[in-house]
Amino acid sequence: MRESNSNSNSGRVTWEGCSVLLDINDGDRLVFARLSPAAKLKIGNKNCSLQPLIGRAFGTVFQVDNAPEGPCLSPAQVNVNNAEEIGDGQGSHELRDKVNVNNVEEVRDGEVNVESRDNRALVDNNTAQSLTGEDIEAMRRQGARGNEIIEALIANSATFEKKTSFSQEKYRLKKQKKYAPKVLMRRPVARSICEAYFKKYPSKIGFLRVDTLSLLLSMANVSSSSDILVVDTVGGLLTGAVAERLGGTGFVCNSYFGQAPYSMDIVRIFNLSDEICKRILRSPISDLLLPKESSEQILQHDVCNVESQSNDETSASVSMVEISHTSENGISDIGTENTEPALEVRKAPKAGERAQKEVIDLWKENGFSSLIVAAPELDTWTLVKDLLPLLANSAPFAIYHQYLQPLATCMHNLQLGKMAIGLQISEPWLREYQVLPSRTHPCMQMSAFGGYILSGTKICSTANSIAPTE
Amino acid sequence: MDLNTDKMLASDPARKFSFNRTISNGDLVIVYERHDNMKAVTVSEGSVLQNRFGVFKHSEWLGKPFGSKIFSNKGGFVYLLAPTPELWTLVLSHRTQILYIADISFVVMYLEIVPGCLVLESGTGSGSLTTSLARAVAPTGHVYTFDFHEQRAGSARDDFERTGLSSLVTVGVRDIQGEGFPDEFTGSADAVFLDLPQPWLAIPSAAKMLKQDGTLCSFSPCIEQVQRSCEVLQISFTDIRTFEVLLRTYEVREEKLESTQRNGDGSNDSLPCKRRQCSDGGNVIRSPISSVMARPCGEARGHTGYLTFARLRCLI
């Protein structure tokens, strides 16, 4: 049933029980859903079954069709050569694509795109459109498709022909969103999950932007067969992203203070194979900090293991409830509209088993390959001071924070304690561009802040004792 | 090449970062002087390393853990670090302009490269990105990278041998702009990365190589290159997006700051400290307060290149 990630071809077609990201009208709405024959999604005022999405390729665009048994999603015809076809392409990219197509000749000739029309004659008095709401409803009843309604709206618009070609496209796009909504089915991977959350629900992921997340993974050298120690209070996004990079090798140890693990709900959104899920373990930091040898402590450790295992079960059921209003019904909508709960529940395999003593002992013996912290609620310096000794010699680490000061203090203390070298605080900056013939410029809106990262390399503690003064 | 030496990736579980991992003959180590001064050295028992801190004998490094501080004959010191793709990017020999960490990280994430992926790249250049691509596809994937410059391809091959990535990377000599990618990869690539002067010439071939919904990235320093690439991309790609990603780094230091605590009515102030007038006329004094402060470094890379991403359009 579940596709293996090692054969990367197979993960490109959906299956029953698989998690998908549905992008409605080019990011207007983003919905995480689990595909099942019973799952339904409300688009506009129509309730559509997600059944037609099963067994389809990721990247497919669906449109809402009126079938005899009600509205249903069907793959939109992609007509590459016909730039006027509204059903192809995607949202604003479609818009820029089309403008591109129309202007290719001009650019080839080295001409500047000169627009002969302008908006001096346009008056916004709400009389331009002669089709009434009743007219459109009547068309619908007669089975008109979204595109036909849009064409009718254009034909009956007194001002459409006077608009510039660019605002004509804008007009089309606006009408398309309303009368012919499109659903793009995307793979839920670290990139798309992070972007979706950052756009719709940034506080849930601690305002961790996708470029910042990518830097954390690089700076901590996340690679196959590594054992990565993680402190993740960003909903499991970091844990999932690390597990995705490990591909079913090594371990990601999701560690936590106290008895209750931090929420890892986002991990379930990734389509991680069972093999990968098994590599996500949880452990209280107190267990990791216990010395390995002392038999007395091991005894205590076992006792508290049993205790907190029962605790774990409670917390597991708690987190299940938590999930119920997000993803247990098969759909987690991070947009604004409501969705109809699906009838059937399909659960992702369980990730985040409690790390057994043998594994913890192995970590204590070898040290972790690296450390990544994304825990804005915890004091950075005390956390790093405790966790750094758990890292193998020469292991890199990367600490994320939304504020600069905790990282500056931590960096200063690491320097004073000669615990690490290559220390650096970096702040990524990401700017997107609109690229159009003769109209290329940075996008008007951008995220002004993606957080800070403190990175460095742990050095041998023995080196300190023999270090001469500099 | 001795297969039992420590290399960049831990694909062999016995080779991974560990408290017990020590330096042995033939290992690649990164010699760290300062954060802006590092060097890659292959340990060879009879050799010495000479720098401004003195002479370091390789023989004295053997058996020491990675991350050790090592002293020279004159008492100067360096650290010996285990190589990672990030450190390698800082020490590799530049045969071309290279990609740095911000672009590299973003490319790997945005191309959705995970273990098991098949990735095509051109040109190879100095292999900075290739090293990170190899890490991302390990242990079961593969990177096929092409450069039209035979000598450069050869040097890259030597580097991948040195960093222990040969089993993950194949370097081919080929003019991708002129000939396209080899037909044997048709429909099999998860991701394609282009760093070419005229990427638009290679885009049709890249589209042919990609799996459905596969991803492409083109890196270009100039906006005119981006412009032309985007025109060609819209024929068979969707989700076309262009980004610029940069890093701002910060300096952290502890500074002594003068306190400006107000002192009662200001008349009984007998301390011989420097004094200043508050805006409201109260006298201010006190011993300095220590404070850790951060500010952006004065200089930074202002531009590397534009990253244009696209996804092969899904035909049903």
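Predicted model: local features only at pLDDT ≥ 70, side-chain atom pairs only at ≥ 80, totals over all residues.

**The annotated positions of chain B and their setting**

Author: The unreviewed UniProt entry places the feature "binding site" at Ser126(B), Gly127(B), Ser128(B), Leu129(B), Asp147(B), Asp175(B) and Asp195(B).

Leu129(B) has its place in helix H3 of chain B, which covers residues 128-137. Its relative accessibility is 4%, and because buried means under 20%, Leu129(B) counts as buried. Once its neighbours within four places in sequence are left aside, Leu129(B) is in contact with Leu99(B), Ile104(B), Val107(B), Glu121(B) and Phe193(B).

Asp175(B), which the record also lists under "binding site", is found in the loop between strand E9 (169-173) and helix H5 (176-179) of chain B. With a relative accessibility of 29%, Asp175(B) counts as partly exposed, whereas Leu129(B) counts as buried. Not counting residues up to four places away in sequence, Asp175(B) touches Phe148(B) and Gly180(B). A polar atom of the side chain of Asp175(B) also lies 3.1 Å from the backbone nitrogen of Gly178(B).

A further aspartate of chain B, Asp239(B), is found in strand E12, which spans residues 237-257. Asp239(B) has a relative accessibility of 7% and therefore counts as buried, and its side chain is joined to that of Arg311(B) by a polar contact of 3.4 Å.

Among the contacts in chain B between residues at least 6 apart in sequence, 63% join residues at least 24 apart.

In chain A, strand E8 (residues 227-232) is mostly covered, with six of its six residues buried. Asp227(A), Leu229(A) and Val231(A) point one way from E8(A), while Ile228(A), Val230(A) and Asp232(A) point the other way, and all are buried. E8(A) pairs in the parallel sense with strand E9 (residues 251-256) of chain A over four bridges, and Leu229(A) stands opposite Cys253(A) in E9(A). E8(A) also pairs in the parallel sense with strand E13 (residues 370-374) of chain A, here over five bridges, and the bridge partner of Val231(A) in E13(A) is Val373(A). Together with helix H7 (residues 237-246) of chain A, E8(A) and E9(A) make a right-handed β-α-β unit.

Helix H6 of chain A, residues 210-219, is likewise mostly covered, with ten of its ten residues buried. Among the buried residues of H6(A) are Val210(A), Leu213(A), Leu216(A), Leu217(A) and Met219(A), but also Asp211(A), Thr212(A) and Ser214(A). H6(A) is followed by Asn221(A), whose phi is positive, near 50°.

Key
Residues numbered from 1 in each chain as written. Chains lettered and ligands numbered in written order. Heavy atoms only, no water. Helix = DSSP H or I, 4+ residues; strand = E, 2+ residues; numbered from the N terminus. Buried < 20%, exposed > 50% of the residue type's maximum accessible area, 1.4 Å probe, protein only. Polar contact = N/O pair within 3.5 Å; in protein donor to acceptor, adjacent residues only side chain to side chain. UniProt positions renumbered as here; feature names shortened; annotations may be inferred. Contact = heavy atoms within 4.5 Å. Pairing = 2+ DSSP bridges. Right-handed = clockwise from strand over helix to strand, strands pointing away.
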